[in-house]
Amino acid sequence: MASVGRYLKKHIEALVKDVGIEAACELTGKSKATLGRYYSDYPEHEDRFMPVDAVAALEEAASYPHVTAALAELKGITLHFDESRRNSKSEGGVNSDVIALSQRFGMLMAEYHQSIEDGVISANEAKRLLKETLALQKVLIDMKLHLEEEQV
């Protein structure tokens, strides 16, 4: 199976698990078996992918747009996903962002140090590193927005 196909199937699986298999069945009108085939890495299912309308329905209910983000990454596009959905802008500006950036970077390095101790980064360790990396990216985006505000 092509690496792009495997990459998408992993994100489809993450999407289904984020929503929950039962809820995913209801939202898409598909059976558990059909949903399983969409992210199966068995050769007989390598050409099966979830339809776009099903992805859209699941991403509406999910905590994160897993497949949309994966597709964007494949094209080298960075998405800004703000799960906090705040009604007001964050306080503190650039100075607070620098402190948050330092803290997040420290957390990422601590997670990396813990993950690499045995010389191998497991799947769970990689997920934790990814979570910290995304949190760091969010702080950088906030900092960018604050810097752009000060420029005006």
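Biologist: How do α1 and α4 lie to each other?

Modeller: This is a predicted model, in which local features need pLDDT of at least 70 and side-chain atom pairs count only at pLDDT 80 or more, while totals for chains, interfaces and linings use all residues. Residues are numbered from 1 along each chain as its sequence is written, and side-chain values use heavy atoms, without hydrogens or water.

Helix α1 spans residues 3-19 and helix α4 residues 52-61; their axes come within 9 Å and cross at roughly 45°. The two helices are therefore oblique to each other, a term for angles that are not under 35 degrees (roughly parallel), over 145 (roughly antiparallel) or 65 to 115 (roughly perpendicular). The crossing of α1 with α4 is left-handed, the near helix being turned anticlockwise from the far one by less than a right angle. On the α1 side, Leu15, Val16 and Val19 meet Val55, Leu58, Glu59 and Ala61 of α4, contact meaning heavy atoms within 4.5 Å. The residues of this contact comprise 6 nonpolar, no polar and 1 charged.

Helix α1 also packs with helix α3 (residues 32-39), at an angle of about 145° and with the axes 7 Å apart. Here Lys9, Ile12, Glu13 and Val16 of α1 make the contact with Arg37, Tyr38 and Tyr39 of α3. Its residues divide into 4 nonpolar, no polar and 3 charged.

Methods. Axes are lines fitted to C-alpha atoms, for helices over the stretch in contact, and angles run from 0 to 180 degrees between N-to-C directions. Helices (H or I, at least four residues) and strands (E, at least two) are DSSP runs, numbered from the N terminus. Ala, Val, Leu, Ile, Met, Phe, Trp, Tyr, Cys and Pro count as nonpolar, Asp, Glu, Lys and Arg as charged, and the others, Gly among them, as polar.
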